[in-house]
Amino acid sequence: MLRIAVPNKGSLSEPAVEMLREAGYRQRRDARELVLPDPDNDVEFFFLRPRDVAVYVGAGTVDVGITGRDLLIDSGSAAVEHLPLGFARSTFRFATTAGTLTDSRQVAGQRVATSYAELVAVHLRERGIEPAGIVRLDGAVESAIRLGVADVIADVVETGTTLRAAGLEVFGEPILRSEAVLARRSDVDEPPGLDVLTRRLQGVLTARQYVLMDYDVPLELVDQAVAITPGLESPTVSPLHNGEWAAVRAMVRRDQTNRVMDDLYDVGARAILVTSIHACRI
């Protein structure tokens, strides 16, 4: 069986479980279950602390696992990103007392507090920046400067409200743009069954990003309409009983649905229908 590690709690857990469920895999009903076999799909799930997933993958205890890109890098394990999963997005930034630093190169000689010491160390090392030290904290990083533990912090930044409340502001380029990823071990061949898991997860991602659009259009306007909805390879164009009209079906990006419908209507298309995609293989 393909052994898959899944976060057992936190912001990664619920969307990871939902994605696997949409991909057709069995998921636990009791949060106390730590191991869940799914013999119908020839996989076995292990529910682990989010920070431990990459460690277990790198050690070969499990074959693959869902974790954050930030946690994967910070683990320092022999695991690599196999597939981005498009949820739990976040941005890591440097921050310090407002009005003091403007460039990440100014971190040189400063004490940096963070919950992701390895991630920050890798970022600084790749840029040849030598801090005075990196202080690992488990939480409340934004208090480190006021308490005299550090001169700079490195943390997840969403709206920046918490930082501003602490009298801090971000500076320099982002350290990392993170999201949930599927990780696998870097120094071995892909395990059997990973190709099936990958196709299924890619199918979920595509189904979430696209809708199926159907519409009728006069024959003389088909080319104009198809230019608006080219689909992935090419749209399906079928004749209607009324020989002067054709029916068109194409995949359209979900976030562009209403604009595309407006454009089609302006061209002359009618009976424009949109259907969600439950699953697909591309």
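This is a predicted model: local features need pLDDT of at least 70, side-chain atom pairs count only at pLDDT 80 or more; totals for chains, interfaces and linings use all residues.
Biologist: In what order do the strands of the six-stranded open sheet lie?
Modeller: Helices (H or I, at least four residues) and strands (E, at least two) are DSSP runs numbered from the N terminus, and two strands pair if DSSP finds at least two bridges between them. β2 (35-38) and β5 (79-84) are the edges, each with a single partner strand, so one side of each has no neighbour in the sheet. The pairing is mixed, and the order is β2-β3-β1-β4-β11-β5.

Biologist: At what angle to β4 does helix α2 run?
Modeller: Axes are lines fitted to C-alpha atoms, for helices over the stretch in contact, and angles run from 0 to 180 degrees between N-to-C directions. Helix α2 (residues 50-59) lies across β1, β3 (43-48), β4, β5 and β11 (180-185). Its angle to β4 is about 145°.

Biologist: What angle do helices α1 and α6 make where they pack?
Modeller: Helix α1 covers residues 13-22 and helix α6 residues 194-209, with their axes 9 Å apart. The angle between α1 and α6 is about 100°. That makes α1 roughly perpendicular to α6 (angles of 65 to 115 degrees count as such; under 35 is roughly parallel, over 145 roughly antiparallel, and the rest oblique).

Biologist: How many residues of the contact of α1 with α6 are charged?
Modeller: Contact means heavy atoms within 4.5 Å, and here E18, M19, L20 and E22 of α1 meet L197, L201, V204, L205 and R208 of α6. Ala, Val, Leu, Ile, Met, Phe, Trp, Tyr, Cys and Pro count as nonpolar, Asp, Glu, Lys and Arg as charged, and the others, Gly among them, as polar. The contact residues divide into six nonpolar, no polar and, as charged residues, three.

Biologist: What is the strand order of the four-stranded open sheet?
Modeller: β13 (236-239) and β15 are the edge strands, each pairing on one side only. Neighbouring strands are turned by 20° against each other on average, direction ignored. With antiparallel pairing, the order is β13-β14-β12-β15.

Biologist: How many of the nine residues of β12 are buried?
Modeller: Nine bridges join β12 to strand β14 (residues 245-253), and five join β12 to strand β15 (residues 270-276). α6 also lies across β12 and β14, at about 50° to β12. Buried means under 20% relative accessible area, exposed over 50% and partly exposed in between (1.4 Å probe, protein chains only). Strand β12 (residues 210-218) is mostly covered, and the number of its residues that are buried is seven.

Note on methods: Residues are numbered from 1 along each chain as its sequence is written. Side-chain values use heavy atoms; hydrogens and water are left out.
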